[in-house]
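Here is a short briefing on one protein chain. Look over the sequence and the 3D view before reading on.

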Amino acid sequence: HKELASKYPESFDASVPEDLVYSGKYALTDVEPETGMTVGKLVLSPTRTYAPVVKKLLDTMDRSDIHGMVHCSGGAQSKVGHFLVDGLHVIKDNMLPVPPLFRLINECSGTEWSEMYKVFNCGHRMEVYCSPENAEKVIEVSKSFNIDAQVVGRVEAIEGKSKVTVKSEYGEFTY
């Protein structure tokens with residue numbers, strides 16, 4: 001990978017240790033077998049915008065029925081914890097499947113899944129907090145934009161400090 005560093009010096013920070021620059025076992029041209037896409041395309045695929053979904057939800061639902069929205073970037077699955085008041089426990093126990101890109105990142109980096117869910121959205125990018133009675137409307141709106149959606153969990157009252165629990169195929173993690 002040193003040839004990439006010399007050919008494209010602007011593509012990395014020279015202060016990063018050399019053994020970490022372009023680390024990993026995959027080249028950007030390698031094909032990921034599950035998707036048939038190159039690793040480069042997986043990494044560079046644009047993230048879908050949720051603005052049309054949010055606009056339609058705000059236009060078609062009573063805003064008091066939407067208790068909160070979280071875009072799971074910059075804190076990923078633990079991000080909602082920054083907005084909770086004490087006495088609330090968010091339990092995510094019906095997660096969407098983890099896309100191949102995040103499994104590749106985990107495999108190549110050796111990062112623990114507890115950290116993966118704190119750093120990467122792992123395919124679960126947008127949360128809308130509402131009552132169970134309104135969940136189907138949110139799912140319907142999402143699907144009208146060809147975005148898979150499902151109820152991924154619930155919020156329960158607890159004693160003490162707030163917390164977020166993720167229960168996934170890779171374990172149970174509390175933040």
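Helices (H or I, at least four residues) and strands (E, at least two) are DSSP runs, numbered from the N terminus. The model is predicted: local features need pLDDT of at least 70, side-chain atom pairs count only at pLDDT 80 or more, and totals for chains, interfaces and linings use all residues. Residues are numbered from 1 along each chain as its sequence is written, and side-chain values use heavy atoms, leaving out hydrogens and water.

**Overall layout**
- The chain has six helices and six strands.
- Their order along the sequence is α-α-α-β-β-α-α-β-α-β-β-β.
- The C-alpha trace spans about 55 × 40 × 30 Å along its principal axes.
- Of the 175 residues, 33% are buried (under 20% relative accessible area, with exposed over 50% and partly exposed in between; 1.4 Å probe, protein chains only).

**Helix α4**
- Helix α4 covers residues 100–109, and its buried residues are P100, L101, F102, L104 and N106.
- These buried residues pack against α2 (39–44) and α5 (113–119).
- G110 follows α4 and has a positive phi, near 70°.

**Nonpolar cores**
- A nonpolar core is a set of buried Ala, Val, Leu, Ile, Met, Phe, Trp, Tyr and Cys residues joined through side-chain atoms within 4.5 Å.
- The largest one has nine residues: M95, V98, F102, W113, M116, Y117, C122, V166 and F173.
- Helix α5 gives the most to this core, with three residues.
- Another core lies apart from it, with eight residues, including Y50, L57, I66 and V141.
- In soluble globular proteins, nonpolar side chains tend to be buried together.

Conventions:
Contact means heavy atoms within 4.5 Å.
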